[in-house]
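Hello,

Here is the structure you asked about. Have a look at it first, then read on for what was found.

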Amino acid sequence: MTPPELRDLLADALALWGVEARPRVAEDGVALAAPDGTALRVLAAAPGDLPVRWWLERPGQRRPCTSVLGLLRALRNAVGAGEGEARRLRVARPDP
Amino acid sequence: MIPVSIVTGFLGAGKSTLLRRILRDPAWADSALIVNEFGEIPLDHDLIAASEESFVSASTGCLCCVVRDDLSKTLLDLLRRREAGEVPRYARVLVETSGLADPAPILHALMTDAALGATHALQGVVTLVDALHGAATLARHPEAQRQVMLADRILVTKPDLAPAPEAAIRALNPAAPLRAAAHGAAEPGWLFAPAPRPAELPDWAAHHTVGLASIVIEREAPVPALALTLWMQGLAEHAGARLLRLKGLVALAEQPDRPAVLHAIQHMVHPLEWLERWPGEDRRSRIVLIGEGIPRHFPARLLAAIEAEVAAEAARRG
């Protein structure tokens with residue numbers, strides 16, 4: 001995912017959560033300010049960081065995320081939008 | 001399995017008139033009717049002249065507001081009485097909702113109750129829209145909007161009094177088959193046929209109304225089952241109750257020759273159904289979401305991001 005694609009996805013997610021924040025592409029990632037003013041930055045992890053795929057940074061803290069869903073969950077928490085509805089779904093296989 | 005059809009429509013849309021006429025038809029008299037009324041005193045069931053072969057079970061209170069167990073208990077109790085010979089051996093169940101009901105919780109109950117699922121099969125949602133007042137009702141009442149959005153078939157009533165409010169209906173539900181009938185003279189075989197599959201709904205397109213929208217996703221390449229599962233999980237987690245309905249025909253990477261039928265009401269996902277083959281030449285995955293306040297591109301962007309991660313992980317593992 002390119003930084004502009006990441007920005008667009010995060011902008012949609014923030015709108016869905018009802019959070020007033022405007023993410024922007026910055027320094028190979030996406031930067032935004034949480035409603036409380038905290039500066040946040042989302043960066044793609046380097047290939048050598050696997051299984052970490054994303055970093056969510058705030059001043060003095062760097063949180064690893066292993067998937068885009070994990071990143072959204074962490075961001076949602078960081079911007080104070082509360083918990084989502086954690087669900088476990090299963091895809092059934094057809095009979096052979 | 002006993003088929004269950006939901007008949008809904010705003011106050012005064014003509015549900016009782018329609019059902020009264022249907023139950024008088026000898027071919028449909030072997031139907032059990034559950035009348036759900038909004039209020040303390042049941043009236044509607046007294047207004048429906050049931051034939052000797054059919055009967056009415058009235059449950060007071062709004063099904064969509066009362067505990068879901070109410071519908072489950074009613075259906076299972078009817079079934080028990082049917083098996084015991086205490087009531088006629090009905091062939092199907094029709095549930096008439098209150099005019100103010102949101103059908104979604106009723107569909108939830110039918111889709112999620114294990115005991116019900118073993119004995120009853122949801123056939124579809126029939127929504128009545130009054131030609132005379134329909135457009136104004138749809139503009140003012142969210143309940144009426146949801147009734148139309150969740151419809152598998154739409155019947156415009158009182159077409160002898162005014163033209164069908166087709167634009168208002170299509171803005172909410174662009175693809176459900178629509179007919180008009182005066183004085184309840186609708187063809188029951190059409191009304192209560194199994195709900196059309198998504199493959200038969202190729203013309204779903206983006207339509208907006210206030211706060212509500214249908215969103216279409218199309219994919220050329222098959223989608224890995226894991227990506228689809230994670231995507232639906234992510235949608236359920238972040239859209240929650242804003243996701244009203246999801247229908248789709250999906251080519252899964254693991255079984256691209258057999259399309260999987262997706263069906264979800266809000267966050268409850270129906271088990272995948274597999275078709276033997278694609279219904280036509282078009283083998284693209286098509287998914288339609290109906291939701292409130294979901295950013296238009298969010299579902300597709302989320303799916304793309306998850307697919308990329310799943311593909312990268314698969315490549316990494318060789």
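Predicted model: local features only at pLDDT ≥ 70, side-chain atom pairs only at ≥ 80, totals over all residues.

**Where the two chains meet**

Helix 1 of chain A (residues 3–17) packs against helix 11 of chain B (residues 298–317) at an angle of about 130°, and their axes are 9 Å apart. The two helices are therefore oblique to each other. Their crossing is left-handed. On the chain A side, the contact is made by A:Asp8, A:Leu9, A:Asp12, A:Ala13 and A:Leu16. On the chain B side, B:Phe298, B:Arg301, B:Leu302 and B:Ala305 take part.

The crossing of helix 10 and helix 11 of chain B is right-handed, whereas that of helix 1 of chain A and helix 11 of chain B is left-handed.

Helix 10 of chain B brings B:Leu226, B:Ala227, B:Leu230, B:Trp231, B:Gly234 and B:Leu235 to the contact. Helix 11 of chain B brings B:Pro299, B:Leu302, B:Leu303, B:Ile306, B:Glu307 and B:Val310. The classes here are 10 nonpolar, 1 polar and 1 charged. B:Leu302 is one of the residues in this contact, and B:Leu302 is also among those that meet helix 1 of chain A.

**The two chains in outline**

Chain A has 2 helices and 5 strands. Along the sequence they follow the pattern α-β-β-β-β-β-α. Chain A has 96 residues, and 28% of them count as buried. Take the contacts in chain A between residues at least 6 apart in sequence: 23% join residues at least 24 apart.

Chain B has 11 helices and 14 strands. Its residues number 318, of which 46% are buried. Of the chain B contacts with a separation of 6 or more, 74% are between residues 24 or more positions apart.

The mean pLDDT of chain B is 79, and 82% of its residues reach 70 or more. Which elements of chain B have the lowest and the highest mean pLDDT? The lowest is strand 8 (residues 207–209), at 37. The highest is strand 6 (residues 153–157), at 94. Two stretches also deserve a note. Over residues 49–53 of chain B the pLDDT is below 50, and this stretch has 12 contacts in the model beyond near neighbours in sequence. Over residues 60–68 of chain B the pLDDT is also below 50, and that stretch has 22 such contacts.

**Backbone details**

Most residues other than glycine have a negative phi, and most peptide bonds are trans.

- B:Lys158 is not a glycine, yet its phi is positive, about 55°. B:Lys158 sits in the loop between strand 6 and helix 8 (166–172) of chain B. Is B:Lys158 buried or exposed? With 22 other C-beta atoms within 10 Å, B:Lys158 is buried, because the cut-off for buried is 20 or more.
- B:His183 also has a positive phi, near 55°. B:His183 lies in the loop between strand 7 (178–181) and helix 9 (188–191) of chain B. B:His183 has 12 other C-beta atoms within 10 Å and is exposed, because 12 or fewer counts as exposed.
- The peptide bond from A:Leu50 to A:Pro51 is cis, with omega near 15°. A:Pro51 is in the loop between strand 3 (39–44) and strand 4 (54–58) of chain A.

**One more residue in chain A**

A:Gly82 is in the segment after helix 2 (68–78) of chain A. A:Gly82 has 9 C-beta neighbours inside 10 Å, so it counts as exposed. How many residues separate A:Gly82 and A:Trp17 in sequence? They are 65 residues apart in sequence, and 8.7 Å apart in space, C-alpha to C-alpha. A:Trp17 belongs to helix 1 of chain A, which covers residues 3–17.

Best wishes

Note on methods
Residues numbered from 1 in each chain as written. Chains lettered and ligands numbered in written order. Axes fitted to C-alpha atoms, helices over the stretch in contact; angles between N-to-C directions. Helix = DSSP H or I, 4+ residues; strand = E, 2+ residues; numbered from the N terminus. Parallel < 35°, antiparallel > 145°, perpendicular 65-115°, else oblique. Left-handed = near helix turned anticlockwise from the far one by under 90°. Contact = placed C-beta atoms within 7 Å. pLDDT = per-residue confidence, 0-100. Nonpolar A, V, L, I, M, F, W, Y, C, P; charged D, E, K, R; others polar.
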